Amino acid sequence: MNDRIIYLDNNATTPVADEVLQAMIPFLKEQFFNPSSTYPQARKAAEAVEAARESVARLLGAGSKSEIIFNGGATEGNNSAIWGAARANPARRHVITTAVEHPAVLEVVREMEREGFRATYLPVNRHGMLDAADLIRAIQDDTAVVSIMHANNETGVIFPIGELAALVKKVDPDVVFHTDATQTAGKMRLDLQGELKNVDLLTISGHKLHAPKGVGAMFVRRGSRWRPWQLGGHQERGRRAGTENVASIVGLGAAARLVMTHPNHSTAMRDRLEKAIKDQIPNLFINGEGAPRLANTTNVAFEFVEGESILLALNDHGICVSSGSACTSGSLDPSHVLKAMAVPFTAAHGSLRISTSMFSTDDEIDAVIDVLPTVIARLRAISPYWDVRTNSPRTDVDIFIQGKYR
Amino acid sequence: MIETWPGHGLENERGEKVMPWDYSEKVLQLFRDAMAAKAGTHMGSIDDPDGIGSHGSLSCGDALEFAFKVDATEPDPRRQKIVQARYRTFGCTSAIASSEALCALIEEKGLTPIQALKITNADIVDYLDGLPAQKLHCSVMGAEALQAAVADWAHKRNIPLSELGLDAIPTGEDEGRIVCRCFNLTEPFIRRKVKELNLKTIADITNAIKAGGACTACHHEPGGLQDILDDTWGRSDSSQAATPAITDPQPMPQTSSSMTRTPFQLAREVDRVVESDIRPRLQHDGGDLEIVEIRGKKVFCRLTGGCQGCKGAPQTMRLVVEDALRAKVDAELEIVAI
């Protein structure tokens with residue numbers, strides 16, 4: 001066992017940055033006021049929320065800070081965006097999304113189907129990429145909303161949201177276009193007045209960019225069709241009721257400023273990691289390698305071993321990463337994203353996701369490069385599908401047809 | 001773990017939520033010992049084994065090959081003790097630990113193959129100081145592979161399977177109608193395990209043998225898991241069967257018919273001009289054009305073949321495609337490149 005923690009699961013969550021925490025503390029202590037209160041003591045809290053709004057607007061390249069609504073995170077944001085767009089278009093009863101969305105979108109669309117909406121789930125190819133032609137063909141007369149993630153949380157594959165949104169608007173400008181930018185905010189430059197100018201709604205989450213959990217933001221373009229989801233107060237101009245989570249909102253603002261001053265993630269770390277493990281480990285492939293990908297995400301599939309064993313063995317060296325294996329979840333099905341990409345069954349259970357943050361170091365990558373080949377080699381030695389003598393898959397595995405008595 | 005998993009978080013035997021790695025110390029120790037190839041562990045193959053059997057498959061996410069050697073100095077095969085038990089396992093932490101447990105149980109007690117048959121998945125679970133409910137199938141896999149190996153040994157020694165009580169288990173692995181298509185499990189197999197392991201609900205079945213654990217389509221379809229349960233235990237017994245709602249995350253894409261919006265005539269005209277004027281010119285340069293969709297007066301199309309990614313593509317679109325379609329079909333057409 002190892003006391004050192006090597007955290008490379010930043011697509012799951014990130015540590016709160018020091019400057020973020022420092023910015024928050026006053027609003028948990030002496031500046032505890034409700035920003036809606038009328039006495040002057042509360043003014044600082046109200047001003048801090050507005051300053052954070054300004055920072056988030058700049059992070060997203062929004063034209064006006066009034067287009068930013070603070071909320072409880074991307075799951076709330078996605079629920080609110082999709083339902084709100086559908087309710088603002090009551091005559092329209094069709095929704096389009098993709099087969100690889102985060103459950104915070106997929107489950108919403110499934111629920112809409114149960115309530116009588118029709119839905120189209122766009123497929124992806126072997127590299128995890130969408131075909132714009134499928135999107136265009138899917139648009140119907142009564143399509144209310146298209147929801148397509150900006151980058152996939154499991155593979156890091158980036159969808160060309162600017163182009164896709166422009167195409168949707170060409171077909172029908174009244175279709176609302178939503179994108180879940182949880183994985184791209186803070187990792188890529190976002191420009192809602194430029195490349196993303198056809199996006200109506202965009203959702204982000206604080207804890208993926210070094211702000212705390214439980215805070216997020218939604219961009220609602222001025223003039224776009226959308227109705228508020230959470231009612232019960234005048235906060236956020238009546239678009240998201242509930243007393244502001246001031247400290248966390250301030251934290252999100254500070255995090256937005258932090259990631260903007262940090263240069264874009266370089267692919268150097270990821271590429272070094274991928275090259276090193278490819279050189280040392282046979283029978284692996286990088287999921288999504290044939291598509292544009294986030295600089296911080298590696299999703300690698302090892303044939304003939306199972307992901308949960310890899311995770312536990314790596315964790316014995318202090319390494320925290322995640323897997324698309326079925327065994328890491330209550331489900332017995334491997335990742336819906338890898339299934340949609342038709343990852344071969346020899347590898348679907350052996351996938352590993354390694355995701356860095358701006359605080360990740362070369363030493364941490366070295367630790368993975370150091371440990372991973374040994375772990376995979378040992379698990380393959382244990383695996384009945386592997387021939388240790390030739391260091392390649394056994395050729396007589398046809399004897400392994402399920403449970404055959406010989 | 002990746003945060004997108006439906007129903008993530010496991011349950012222990014009391015139905016309490018536990019973390020995925022809330023394994024007993026024994027499970028973790030056996031896994032770590034196997035990973036470290038510690039002396040006394042049982043990972044490995046046996047050349048010329050006296051009995052060998054397997055269970056599981058690569059697509060299911062776990063598989064086990066179990067083999068043993070007996071003490072050949074004893075002349076009576078029925079009294080030969082297993083002196084060496086070995087496994088090769090593909091699977092999660094608990095699958096590997098279950099395999100270690102199976103081999104250790106047999107070797108420690110010096111069992112004959114016939115005595116070893118009495119080992120059940122419950123014995124393996126006990127040896128491991130418990131397994132999360134969703135991981136019980138790992139122990140079942142061990143018991144299945146053991147039965148297969150003993151059947152193999154009996155076959156080699158000309159010992160009738162009926163003598164071992166194995167004749168009830170059809171060799172050839174319970175051939176029959178496939179009920180759970182995700183894990184390729186047949187009706188006879190599921191019926192046998194439902195009785196053997198006293199499985200009362202769909203969740204029990206999924207935990208023990210994985211059936212119904214992925215797409216869930218077989219839960220309530222005719223001849224599905226609920227029907228097998230009702231048939232085995234009577235309807236009232238299993239009506240409370242509940243199971244986590246894990247739904248297929250990948251429905252088929254639907255595409256809309258554009259006929260209602262796109263005048264057929266227009267589409268035909270566009271096609272005609274593409275065939276007669278545009279395609280020959282593009283193909284001359286090793287390229288081609290795909291008309292993706294026509295909506296109103298907007299033609300969505302893309303250049304393919306040699307034109308794909310060509311620097312001159314936007315110009316080609318305008319000068320070759322747009323000019324021809326506007327001149328010969330409709331001057332108001334808008335060409336949208338995708």
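**View 1. A:His210 is a buried residue, with 28 other C-beta atoms within 10 Å of its own.** A residue counts as buried if 20 or more other C-beta atoms lie within 10 Å of its own, as exposed if 12 or fewer do, and as partly exposed in between, the C-beta atoms being placed from the backbone. The model is predicted, and local features are therefore reported at pLDDT of at least 70 and side-chain atom pairs at pLDDT 80 or more, whereas totals for chains, interfaces and linings use all residues. Residues are numbered from 1 along each chain as its sequence is written, while chains are lettered from A and ligands numbered from 1 in the order in which they are written. A:His210 sits in the loop that runs between strand E7 (201–205) and strand E8 (216–220) of chain A, where helices (H or I, at least four residues) and strands (E, at least two) are DSSP runs numbered from the N terminus. The phi of A:His210 is near 75°, a positive value in a residue other than glycine. Most residues other than glycine have a negative phi.

**View 2. A:Asn391 has a positive phi of about 50° although it is not a glycine.** A:Asn391 belongs to the loop between strand E13 (386–387) and strand E14 (392–393) of chain A. With 13 other C-beta atoms within 10 Å, A:Asn391 is partly exposed.

**View 3. A:Val246 lies in helix H7 (residues 246–261) of chain A.** A:Val246 counts as buried because 25 C-beta neighbours lie inside 10 Å. Leaving aside residues up to four places away in sequence, A:Val246 touches A:Phe27, A:Pro35, A:Ala45, A:Ala48 and A:Val49, two residues being in contact if their C-beta atoms, placed from the backbone, lie within 7 Å. Although A:Val246 and A:Ala48 are 198 residues apart along the chain, their C-alpha atoms are separated by 7.8 Å.

**View 4. Chain A is assigned domain 1 (18–261) and domain 2 (265–400).** These bounds come from an automatic or database domain assignment. The centres of domain 1 and domain 2 of chain A, taken over C-alpha atoms, are separated by 31 Å, and the contact takes 18 residues from domain 1 and 20 residues from domain 2. On the side of domain 1 of chain A that touches domain 2, the residues divide into 9 nonpolar, 6 polar and 3 charged; Ala, Val, Leu, Ile, Met, Phe, Trp, Tyr, Cys and Pro count as nonpolar, Asp, Glu, Lys and Arg as charged, and the others, Gly among them, as polar.

**View 5. Helix H2 (residues 93–109) and helix H5 (residues 136–156) of chain B have axes that come within 8 Å and cross at roughly 45°.** That angle makes H2(B) oblique to H5(B), since angles under 35 degrees count as roughly parallel, over 145 as roughly antiparallel, 65 to 115 as roughly perpendicular and the rest as oblique. The contact is formed by B:Ser94, B:Ala95, B:Ser98, B:Ser99 and B:Leu102 of H2(B) together with B:Cys138, B:Ser139, B:Met141, B:Gly142 and B:Leu146 of H5(B). By class, the contact of H2(B) with H5(B) has 5 nonpolar, 5 polar and no charged residues. The axes are lines fitted to C-alpha atoms, for helices over the stretch in contact, and angles run from 0 to 180 degrees between N-to-C directions.

**View 6. B:Gly224 lies in the loop between helix H8 (202–209) and helix H9 (225–233) of chain B.** B:Gly224 is buried, with 20 other C-beta atoms within 10 Å. Not counting residues up to four places away in sequence, B:Gly224 touches B:Val179, B:Cys218 and B:His219.
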